[in-house]
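Trainee: Could you walk me through this model while I have it open?
Mentor: Happy to, let's take a look together.

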4 protein chains.
Amino acid sequence: MIAVGVIGYGYWGPNLARNFAELETSTLAALSDRSETRLDLARRRYPGCRTYRDHHELLADPAIEAVAIATPVGTHHPITMEALAAGKHVLLAKPMAASAAAAEAMIAEARLRERVLLVDHTFCYTGAVRRIRELIQDGALGDLYYYDSVRVNLGLFQHDVDVVWDLAVHDLAIMNYVLPFRPVEVSATGAGHFDSDRHNLSYVTLFFENNLIAHLHVNWMAPVKVRRTLIGGSRKMIVYDDLEPSDKIKVYDRGIEVSNREQIYSMLVSYRTGDMWAPNLDLTEALQTECRHFVDCIQHGTTPLTGGEAGLEVVRVLEAASRSMKDRGRPVKT
Amino acid sequence: MIAVGVIGYGYWGPNLARNFAELETSTLAALSDRSETRLDLARRRYPGCRTYRDHHELLADPAIEAVAIATPVGTHHPITMEALAAGKHVLLAKPMAASAAAAEAMIAEARLRERVLLVDHTFCYTGAVRRIRELIQDGALGDLYYYDSVRVNLGLFQHDVDVVWDLAVHDLAIMNYVLPFRPVEVSATGAGHFDSDRHNLSYVTLFFENNLIAHLHVNWMAPVKVRRTLIGGSRKMIVYDDLEPSDKIKVYDRGIEVSNREQIYSMLVSYRTGDMWAPNLDLTEALQTECRHFVDCIQHGTTPLTGGEAGLEVVRVLEAASRSMKDRGRPVKT
Amino acid sequence: MIAVGVIGYGYWGPNLARNFAELETSTLAALSDRSETRLDLARRRYPGCRTYRDHHELLADPAIEAVAIATPVGTHHPITMEALAAGKHVLLAKPMAASAAAAEAMIAEARLRERVLLVDHTFCYTGAVRRIRELIQDGALGDLYYYDSVRVNLGLFQHDVDVVWDLAVHDLAIMNYVLPFRPVEVSATGAGHFDSDRHNLSYVTLFFENNLIAHLHVNWMAPVKVRRTLIGGSRKMIVYDDLEPSDKIKVYDRGIEVSNREQIYSMLVSYRTGDMWAPNLDLTEALQTECRHFVDCIQHGTTPLTGGEAGLEVVRVLEAASRSMKDRGRPVKT
Amino acid sequence: MIAVGVIGYGYWGPNLARNFAELETSTLAALSDRSETRLDLARRRYPGCRTYRDHHELLADPAIEAVAIATPVGTHHPITMEALAAGKHVLLAKPMAASAAAAEAMIAEARLRERVLLVDHTFCYTGAVRRIRELIQDGALGDLYYYDSVRVNLGLFQHDVDVVWDLAVHDLAIMNYVLPFRPVEVSATGAGHFDSDRHNLSYVTLFFENNLIAHLHVNWMAPVKVRRTLIGGSRKMIVYDDLEPSDKIKVYDRGIEVSNREQIYSMLVSYRTGDMWAPNLDLTEALQTECRHFVDCIQHGTTPLTGGEAGLEVVRVLEAASRSMKDRGRPVKT
């Protein structure tokens with residue numbers, strides 16, 4: 001049994017708390033939040049759990065072996081460094097840090113202290129994303145052509161980040177997990193309609209080697225919620241719609257047949273339209289799988305699926321996108 | 001009764017022919033196509049119609065008052081110039097020309113010859129797009145924030161143009177018609193998976209004055225067909241889904257309420273979620289409305305809704321997008 | 001503060017428990033269930049709550065003012081009678097009873113004891129159903145023509161009831177609440193593929209006065225989940241899709257125009273197709289609204305929106321449907 | 001080359017005419033319609049085709065080898081008898097006749113005259129329905145449990161039939177083609193809101209042997225168009241949505257696992273949720289396939305896929321449904 005403390009009981013913290021409380025390999029030992037109102041709520045739900053307004057006190061508690069941090073991005077670096085220094089294993093909300101430099105420092109500290117550092121790239125623990133990864137790794141799609149994601153809704157404006165750091169981070173985490181390549185250049189555009197320094201909608205193109213291209217559309221001001229990703233390959237194509245109650249992944253046996261490259265614009269090009277197939281998916285709550293995996297990594301010394309390195313790679317792309325967005329799409333190397 | 005000749009009886013020409021044949025104010029007098037097979041088909045359908053393999057012969061026919069040109073883009077300039085010189089009125093497929101210079105020459109020639117030159121921006125004649133224009137002009141949306149379009153499918157590769165000149169042209173034509181502003185800068189990215197010189201998927205961002213931003217996603221290699229546009233304003237937002245059999249336009253009374261700019265990131269920001277409303281639309285075939293309008297312009301000397309100027313503006317943006325795409329998103333002034 | 005005990009902690013009981021626990025006007029004082037495993041779960045969630053394996057003990061507790069009963073239908077009558085005799089107010093799961101006679105006895109007992117008896121017709125407390133009721137009461141639909149509901153899924157076979165008593169009961173409860181008329185005759189068909197005495201799919205037609213007709217399609221063996229109701233009137237029609245995340249209700253301004261009855265089959269009949277409109281709905285959890293209303297009725301002596309009489313009317317129709325179903329659709333008076 | 005005459009150029013006749021005109025094995029030789037306006041339209045489209053206001057004249061033309069009849073149901077019997085007597089092969093719109101007796105007379109006459117009599121059960125010639133038939137014949141679904149169809153829209157009221165004879169006939173024709181069993185009893189309900197003798201909405205249950213049950217919901221007064229069929233079997237289930245542009249058929253690997261019948265209501269019943277699969281379908285226009293098949297039957301003496309017997313069986317069920325509907329669902333043997 002691993003005794004876990006949750007730091008930050010705002011929007012995401014309650015989900016972490018609930019999962020560590022219900023897991024048979026962990027206990028929810030303590031909670032901290034700067035708001036007394038939030039702590040009141042937490043105490044009603046978890047009468048046996050210790051609560052603190054100051055996370056330093058939680059970190060000073062020697063009975064706590066691991067912490068889950070769900071605080072604003074700007075605070076990730078100091079809290080994580082202090083937690084690692086206190087010997088705690090850390091599960092850290094995404095994005096890992098506000099800068100690559102901060103992320104690198106955390107990775108180094110975790111290595112030095114020999115502690116688990118898991119970045120909460122939640123989607124990587126869904127049945128849907130794990131299935132997509134398998135399909136790509138098995139070569140079912142053939143050559144990869146594109147990865148296109150739309151993630152829009154009428155969303156809460158975040159206090160300390162723009163829409164790219166809030167929403168695109170999900171897609172970058174997924175791509176980092178499922179794609180065998182890394183982006184080499186980024187072109188991003190966007191607009192801040194309320195605060196010119198904080199974009200509320202953005203379009204991000206990622207260029208990869210091998211002619212693979214990715215694109216993310218994120219928007220906090222859309223009238224409808226969309227969570228849809230198209231992945232195109234030479235042999236098959238995937239539509240991943242996370243809002244579908246079932247059949248979240250549809251695999252289309254579609255493409256074009258070209259005997260040789262010269263013929264592509266001749267009348268001999270033929271389109272191939274075959275069957276569609278929706279694999280049955282594991283519908284376990286992703287965060288439950290992730291929390292269980294975190295505890296497992298602590299108990300058996302295994303390497304997290306989404307560790308500091310994955311978190312760092314995502315932050316590097318976010319930094320490049322932010323730079324490009326300031327110059328209206330000028331390409332920036334990652 | 002206006003006697004119309006149709007030049008090009010491939011993919012789009014048959015639709016033009018059918019509409020001019022059925023219109024009570026026009027007759028389908030002649031057809032030309034370089035393929036004897038296509039002419040055979042045309043003769044079976046229109047036994048009374050003269051057919052030519054050489055469009056020069058059609059243009060030499062003095063009984064023909066107007067021509068509709070549905071040939072590859074590269075041929076638009078010479079055929080149109082010859083038609084105008086022969087005194088014919090011209091309805092010209094989109095995009096108007098392969099270059100702004102060519103478009104300008106055609107506009108000048110039409111003005112000199114005092115002939116009608118209508119560019120076939122078909123969507124501008126749909127009930128849906130006309131309704132969107134009214135909603136924007138009436139100020140129903142409030143301040144315009146964004147225009148976002150997705151136009152993807154498993155499509156026929158065009159012989160002489162890339163996907164931007166083939167598909168994005170529709171959205172540029174619509175935007176030219178419905179938006180009160182003109183784009184000032186373009187950033188475009190894309191990929192050519194079969195021919196590196198011809199992109200088969202592309203992402204185009206358009207920057208306008210007043211912080212309005214537009215984005216087009218076009219793709220010839222998508223497993224599913226999507227024709228969906230989101231238009232966001234400060235007071236209302238539109239979802240325009242052209243594949244919906246009815247309810248193509250949904251107007252959402254959604255947005256955010258901010259008392260003053262400083263408060264936007266405070267907890268006082270409130271999201272507004274009101275009713276949704278789908279106006280009943282005129283479902284007349286757009287091309288019928290357009291062909292009727294073309295004949296009307298000829299008979300009454302009125303100015304076409306989508307004349308050479310509109311066609312030219314669209315071509316200018318296409319040129320800027322092509323230049324930006326070569327430099328991976330570097331912004332280009334229009 | 002009303003002290004509430006929940007009897008039955010299986011599928012539905014946890015929802016009742018959670019709502020009474022979180023409501024500011026009630027406390028969750030006790031829980032009973034025959035399964036020790038379920039009680040264990042309950043104790044982890046509500047450490048301060050008393051738990052019993054025998055509901056008689058719970059009912060003997062004088063501190064409990066009201067009980068919510070979520071046990072199999074066959075047990076509703078004895079438990080409710082005992083609870084009322086013990087002076088408790090009762091919130092009772094649907095269907096109210098296995099027979100009209102049993103329902104009548106409960107109503108009489110509640111009246112005698114002057115206790116609140118609320119039947120848990122949950123859907124009547126949703127924003128969607130309340131809005132439909134308003135639209136019908138305001139006459140927005142004109143003359144009512146039909147009410148058609150589909151409620152199918154791959155569902156859990158119930159232990160003690162068939163699919164009509166399990167699923168159609170929802171629609172009967174909604175109709176009882178929103179329609180100004182009562183059914184006078186029922187024709188029902190169905191099939192029991194696993195147990196010929198327990199139908200797993202059924203079709204129920206209800207005949208009303210005024211030429212209103214209703215139909216329910218319920219099925220435990222459908223590959224997809226559907227929750228869709230069409231309500232047709234002479235002036236407007238409603239589509240109510242409970243699985244839509246938003247826009248659950250769409251009101252269509254559609255119908256036919258007939259100048260006089262003789263003309264209906266002549267070519268002069270004209271179909272009217274106007275706008276569609278989706279009113280914004282209150283999305284509060286229905287069970288929260290219902291539990292709050294139950295406490296309110298206890299505290300202020302008001303009559304429940306869905307009391308014993310509503311429950312009884314629903315049971316009468318269920319009984320008629322069961323009789324008709326045995327005779328393959330022979331009509332049965334209600 | 002078979003010379004075909006089309007009798008009736010109203011709603012459906014133009015589709016028959018177009019297909020026989022374009023088929024390489026037939027010519028459209030003549031057309032008849034009582035309306036001069038309709039004949040004018042026909043002459044503009046088919047300048048070489050002979051036209052008659054009186055179908056007797058068309059039938060007297062010895063050059064016509066076959067006729068396609070698309071007139072009101074009440075006229076099917078006399079026109080078909082006259083056509084067969086004149087030695088013509090007949091393609092006859094659905095429903096075949098207004099009574100089983102009339103249908104039997106036509107079948108007898110066709111046999112006597114040794115002419116092809118094909119009933120236009122169009123859906124049986126679609127790729128979707130042919131695929132469903134294959135899946136059922138191959139045993140892919142296992143034991144058949146139910147066939148459930150919804151066919152509703154805001155439709156044109158028919159002049160001479162009610163909604164069952166207009167819309168349910170499609171489903172009866174499909175069932176006759178794909179199901180290995182025949183219905184033995186029918187229970188139907190419905191309502192006529194404008195003319196009490198002509199129902200504008202109806203619900204029809206068909207009982208088969210082997211515990212298979214079918215249900216049809218047809219409605220001319222629905223605000224939205226639905227064409228959706230669920231077919232449930234012990235091993236697999238089908239959703240057939242004819243309005244889907246692609247993926248019209250989805251095959252779900254879903255069902256329940258019961259080790260023995262006694263266990264069904266115990267907790268050991270397990271639901272099986274496997275993959276979904278949408279087979280690629282032949283999208284050729286059904287009527288083209290049907291017209292080609294009709295010509296083929298004439299030329300090679302083969303038996304039509306949907307001959308008089310199929311048409312008769314459908315009419316018998318329609319008659320039973322009409323009788324049941326008058327008695328509010330009382331079951332009627334077929």
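**Core and symmetry**

Trainee: Which residues is Val6(D) in contact with, leaving aside neighbours within four places in sequence?
Mentor: Those are Gly13(D), Leu16(D), Ala17(D), Phe20(D), Leu28(D), Leu31(D), Ala68(D) and Ala70(D). Contact means C-beta atoms, placed from the backbone, within 7 Å.

Trainee: How should I read the labels?
Mentor: This is a predicted model, where local features need pLDDT of at least 70, side-chain atom pairs count only at pLDDT 80 or more, and totals for chains, interfaces and linings use all residues. Residues are numbered from 1 along each chain as its sequence is written, while chains are lettered from A and ligands numbered from 1 in the order in which they are written.

Trainee: Which residues touch the most other members of the largest nonpolar core?
Mentor: Val6(A), Ala321(A), Val6(B), Val6(C) and Val6(D), out of 440 residues. Such a core joins buried Ala, Val, Leu, Ile, Met, Phe, Trp, Tyr and Cys through C-beta atoms within 7 Å; buried means 20 or more other C-beta atoms within 10 Å of a residue's own.

Trainee: New topic: what rotation superposes chain A on chain B?
Mentor: One of 180° with 0.0 Å of shift along its axis, RMSD 0.1 Å. The two copies are thus related as by a two-fold rotation axis. Superposition is by least squares on C-alpha atoms of residues with pLDDT of at least 70 in both copies.

Trainee: Which residue of chain A comes closest to that axis?
Mentor: Arg330(A), with its C-alpha at 2.1 Å.

Note on methods. A residue is buried if 20 or more other C-beta atoms lie within 10 Å of its own, exposed if 12 or fewer, and partly exposed in between; C-beta atoms are placed from the backbone. Two residues are in contact if their C-beta atoms, placed from the backbone, lie within 7 Å.
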